[in-house]
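User: I am new to this structure and would like to learn how to read its features. Please take me through them one at a time.

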Amino acid sequence: MKKAEIVEPNKPLRIVEADLPATPKKGAIVKVAFSGICHSDLHQWEDVIDAGIQKVSMSAALNYKLPIVPGHEISGTIHSFGEETGESELKVGDRVAVYPWAGCGDCGACKHDMSERCREKSKALVGVGADGGHATYVAVAELQHVVKLPDSIPLDLACMLPCSGVTTYNAVTSLLETVQQATLYHGKASVLIVGAGGLGLWSLQIGQALFPAGTKIVVADIDEDKLNLAKEKGCHDTICWSGELTEPELIKATMAKGNGGFDGVMDFVNTKVTAGRAFSCLKPYGMHAMIGLFGGEASFPLPMLVLGGKQVKGIFVGSLAQFKALIELVSKNKLEAPPLTYFNLEDITEGFNLLKDGKIRGRGLIKNKM
Ligand SMILES: [Zn+2]
Ligand SMILES: [Zn+2]
């Protein structure tokens, strides 16, 4: 097999020919078809996470050592099963996606299939603490994290579901009860999506599928081209957050788009500016979901949180159950992938550099010959 390793921060990844790893006893080896290049890969490559008040080393924070094979957005086919996997509906050659947010396997969270909440997970995370998918094969420790794909979902789209997909699904479903209640009590609801990039457009499609009919979805961005794309995808209205307006004027203009504010906000940018602005646009009993990891600190008036009965929630990836529900939803609703740019495994460093420079349109994927 071939794999791409981070050997040193910011140095070209090393392409290595290696033997296949032993099949994990309770897991499987997956032959990788596509492996998404994610912003988190860059944090791992640079070995820096912006924690808001300070920057921290990712390898120290998550307790792993280099070299490591990154890549946590994986689709492919099953190559082999571990000797202790027993009966399974899966068979060799099945098309699958990998749920990478694995945990220790032993704690209460893991036993309840909520491994993303495991407190010992760092070494098990596929493509973070354990070797990942920027390779031709990947070992997955637990078979339950290898999820069969319906024929209707192409493998390139599928590799986006374990990370950006499930994060977005988590954001939309976190807002769902709030939006349903606003619809029930006030006749209609409105939702603001901040950021019309890949995740924002996914959230628009998933929101259209799950929010009550009549929910008004408005998209904010600083880029008119991206807002036009959101309009093409069917959002009800957009607002451009660049221009001449003062902050109070911009907040007023944004609230007007939501008929006096928004019951739900999904902030895929989540900087000091967007978080404060979006919070100001929240109606009483609204929920503000924060997803973006662009760093910084936020401030908002605390009495308004209390008096308005508002909720602020951080969203990071999602559960295995949400991952499976998302696969079902994508299959039924034919959700569309953003534009895709393919790279050979050998060209992975070029892919990382292009992503770092903001030069990949849509999503970059490593594509292996199958
Ligand atoms: Zn990712
Ligand atoms: Zn655990």
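**Reading the metal sites and the cores**

Analyst: Glu73 and Cys163 are both buried, where buried means under 20% relative accessible area, exposed over 50%, and partly exposed in between (1.4 Å probe, protein chains only). This is a predicted model, in which local features need pLDDT of at least 70, side-chain atom pairs count only at pLDDT 80 or more, and totals for chains, interfaces and linings use all residues. Residues are numbered from 1 along each chain as its sequence is written, ligands are numbered from 1 in the order in which they are written, and side-chain values use heavy atoms, with hydrogens and water left out.

User: Which protein donors does the zinc ion (ligand 1) have?

Analyst: Donors are N, O and S atoms within 2.8 Å of the metal (3.2 Å for Na, K and Ca); water is not among the atoms, so sites may look incomplete. For the zinc ion (ligand 1) they are Cys38 (SG), His72 (NE2), Glu73 (OE) and Cys163 (SG), at 2.0 to 2.3 Å. Glu73 sits in the loop between α2 (58-62) and β6 (74-81) and Cys163 in helix α5, so this pair, 90 residues apart, links distant parts of the chain. Helices (H or I, at least four residues) and strands (E, at least two) are DSSP runs, numbered from the N terminus.

User: What is the geometry of the site of the zinc ion (ligand 1)?

Analyst: Four donors count as tetrahedral if all angles lie between 85 and 135 degrees. The ideal tetrahedral angle is 109.5 degrees. The site of the zinc ion (ligand 1) is tetrahedral, with angles of 95 to 126 degrees among its four donor atoms.

User: What are the donors of the zinc ion (ligand 2)?

Analyst: They are Cys104 (SG), Cys107 (SG), Cys110 (SG) and Cys118 (SG), lying 2.3 to 2.4 Å from the ion. Cys104 is in the loop between β7 (95-98) and α3 (108-111) and Cys118 in the loop between α3 and β8 (137-140), so the pair ties together parts that are 14 residues apart in sequence. Cys104 is partly exposed, at 34% relative accessible area, whereas Cys118 is buried, at 4%.

User: Which residues touch the most other members of the largest nonpolar core?

Analyst: A nonpolar core is a set of buried Ala, Val, Leu, Ile, Met, Phe, Trp, Tyr and Cys residues joined through side-chain atoms within 4.5 Å. In the largest, of 72 residues, they are Leu161, Leu175, Ile206, Phe211, Met266, Phe323 and Val330. Helix α5 (residues 161-186) gives the most to this core, with 10 residues.

Technical notes:
Tetrahedral: all angles 85-135°; square planar, octahedral: opposite > 155°, others 65-115°.
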